[in-house]
Each structure stands twice: as C-alpha cells, then as structure tokens.
Amino acid sequence: MDCIELVELITDYLEGTLPHHDRERFNAHLSECPYCVIYVDQMRATLGALGAIPAESISDAAKQTLLHAFREWKRG
Amino acid sequence: MVVNREIDEGSLIARLHDGDESAFVVLVDRYHHAMIRVARGFVRDEATAEDVVQESWLGVLNGLAAFEGRSSLKSWIFAIVINRAKTRATREGRSTPFSSLVSLETSGREAAVAPDRFLDATAKWPGHWAQPPVAGGDDPEARLLRSETMAQLRRIVDDLPPAQRTVITLRDIAGQDAESICNALGVSETNMRVLLHRARSKVRGRLERYLADTEEAARS
C-alpha cells in the first residue's frame, strides 16, 4: 500500500468496514510510514472535534414557540 | 454540552411522558441545530429548514406515545426530521431531490488529498507523501477544542455539499450509527460511506489549512 491509497481507505478503516486483507495492508503501511500515522491521527482528531462541537444556543423566539407547543401538547 | 454525548434516554422518555418541560428542553438544546443542519440538506433555505424542525418537534411530541424504543430516541427524532424535510422538498418541487444530490456528490473521482502532495510516477517512491501532513504542536487536541476552531469547524461543515453535510452531521456530529442513517436517508451503505469519506477528507484538509494559517499569523 502507498500513502495515496491509504488516504482513500481511511474511512472504511475507521468505520470498521475495510476487508480483513486490506486492513492488514493498512496496518502494515502504518507500521513503516510516520507521515500516514500523522494523517490517521489528524483524521481521528477531526472526528473528535466534530463530536465535540457544542450544541448552539437556540434563539429565544424559537425556544418560546417550542415551549408553547410543549404546554399545549401537555394539556392534550 | 455536545450533541453526541450519550444521554440516559430511558429516563428522559419517562420524564417527557410525565410532561416534564425540562426534559423537553434538554432534547431541544441538544438536537435542534443539528436537526436544522440536516433539514437544510433537503429544503431550499434556512427559514424553511427551521420551519421543518419546529414542525418535527410537534411530530416528536405527538408520536411519543407510540414510540416503542425499537430505535434510539435520537435516531427516531432524526428520522422524523428527514421524513418531514423530504415531504416539504417534494411539496415545494425543489429542483434537486436528495437522491439526485447523492448521485451528484458520489460521482466521478475525488481525491481525499490533493494529488500534487504525493510523489509522481517518476519518483523513487511514487504515491508516497511529497508534502506530508505535519504533526500539531504541543497540544493539538486543546487547539482543536478552542472556541475559534470550533466556530471554524462549523463553517467548514456548513460549506460542504448538501448530501455530504447531511451525512457527516448525522454520523460525526450527532453520533448516529451507520445503519440508522442509511435507513433514514434511503441511501445504500456504499453511497453513505462515499459521502462520509468525501466530507471527512474535506473537513480534515480545510482544518489543516486553517490551523496552518492561524499558526503562521501568530508567528508573524
């Protein structure tokens, strides 16, 4: 495996959908390529950051409309 | 509070059934914006997406009694949004249905990393890095989690092509499993992964550039 192939297989690798044989080739490449190790680390860090995006605060108006709907729903 | 941290859905559902407003607020605070981002992949503008999401919350409340917990509450909520957004898009006669966006955004070849960052066929090691990625400084994680970086990350996601934005929002921001996403969107697993791969690769690349630029600005 070379680096240009690895960057195309990374999603299957991280999603656990890479066939066994390719997974072994992927790991073998990582064991000898420090640059691709950085690449995989960066991708993992990117996914970590995406998962850590704080929930944005919702506008007061939108929230009030929803709370009103909730109270209406509660009244049944 | 982040969108994809696991919450105790069981107790939340029980509290909702009891009419506990604070339980509803927890859900709204957590998912509302991710829902808008997802809806935005289907309808023509932000205002319509917000409208679809408001309507979806009513759908959630009204469907709650019938919710059987066969999927997670989160998957169920996002499935409602996707359904309503699709219906709205059809009603509006939006020119590009989601399935066309998927075909468009999965077609052709798209390099995860610019090909000129790799050595060409004449080199001793063709296909290996010519301009390799650079490891982040002392504490790359802390840098990523800074609020400016988070704001930039949000802009990067917003700028993605719509189907890619929808998939990465569901998978990586909201933390849904791949199967629920395929079912809700009606896309094959293969196409879902192509969209996810293209989205993630772009986000990593743009984040890399942003971090390099801000580092350079800080040095000069």
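B:Ala111 lies in the loop that runs between helix 5 (98–106) and helix 6 (140–144) of chain B. Helices (H or I, at least four residues) and strands (E, at least two) are DSSP runs, numbered from the N terminus. The model is predicted: local features need pLDDT of at least 70, side-chain atom pairs count only at pLDDT 80 or more, and totals for chains, interfaces and linings use all residues. Residues are numbered from 1 along each chain as its sequence is written, while chains are lettered from A and ligands numbered from 1 in the order in which they are written.

### Two reference residues

B:Ala111 counts as partly exposed because it has 15 C-beta neighbours inside 10 Å. The cut-offs are these: a residue is buried if 20 or more other C-beta atoms lie within 10 Å of its own, exposed if 12 or fewer, and partly exposed in between, with C-beta atoms placed from the backbone. B:Met35 sits in helix 2 of chain B. B:Met35 has 29 C-beta neighbours inside 10 Å, so B:Met35 counts as buried.

| C-alpha pair | Apart in sequence | Apart in space |
|---|---|---|
| B:Met35 and B:Trp57 | 22 residues | 10.0 Å |

Residues up to four places away in sequence aside, B:Met35 touches B:Val53, B:Ser56 and B:Val81. Contact here puts the C-beta atoms of two residues, placed from the backbone, within 7 Å.

### Overall build of chain B

Chain B has 10 helices and 0 strands. Along the sequence the pattern reads α-α-α-α-α-α-α-α-α-α. The C-alpha atoms fill a box of roughly 65 × 40 × 30 Å along the principal axes. Chain B has 220 residues, and 38% of them count as buried. Take the contacts in chain B between residues at least 6 apart in sequence: 68% join residues at least 24 apart.

### Two domains

Chain B is assigned domain 1 (9–92) and domain 2 (98–219). These bounds come from an automatic or database domain assignment. The domain centres, taken over C-alpha atoms, are separated by 27 Å. Domain 1 of chain B gives 12 residues to the contact, and domain 2 of chain B gives 13 residues. On the domain 1 side, helix 2 (21–40) and helix 4 (73–92) of chain B each supply at least two residues. Ala, Val, Leu, Ile, Met, Phe, Trp, Tyr, Cys and Pro count as nonpolar, Asp, Glu, Lys and Arg as charged, and the others, Gly among them, as polar.

Helix 3 (residues 46–63) of chain B has 18 residues and reaches 25 Å from its first C-alpha to its last, close to the 26 Å expected at 1.5 Å a residue. The expected span is 1.5 Å times one less than the number of residues. Its buried residues are B:Ala49, B:Glu50, B:Val52, B:Val53, B:Ser56, B:Trp57 and B:Val60. They lie on the same side of helix 3 of chain B because they cover an arc of only 160° around the axis. That arc is of the directions from the helix axis to the C-beta atoms. The face turned away from the buried side carries the exposed residues B:Ala47 and B:Asn62. What do the buried residues of helix 3 of chain B pack against? They pack against helix 4 of chain A, together with helix 2 and helix 4 of chain B.

Helix 8 (residues 162–173) of chain B is mostly covered, with 11 of its 12 residues buried. Among them are B:Arg165, B:Val167, B:Arg171 and B:Asp172. Just after helix 8 of chain B, B:Gly175 takes a positive phi of about 70°.

### Nonpolar cores

A nonpolar core is a set of buried Ala, Val, Leu, Ile, Met, Phe, Trp, Tyr and Cys residues joined through C-beta atoms within 7 Å. The largest has 54 residues, of which B:Ala39, B:Val81 and B:Val167 touch the most other members. Helix 2 of chain B gives this core its largest share, 9 residues. Domain 1 and domain 2 of chain B each contribute at least three residues. Another core, of 12 residues, lies apart from it and includes A:Ile10, A:Phe26, B:Phe118 and B:Trp129.

### The A–B interface

Between the chains, 36 residues of chain A are in contact with 45 residues of chain B. Helix 3 of chain A gives the largest share of the chain A side, 11 residues. That side has 22 nonpolar, 6 polar and 8 charged residues.
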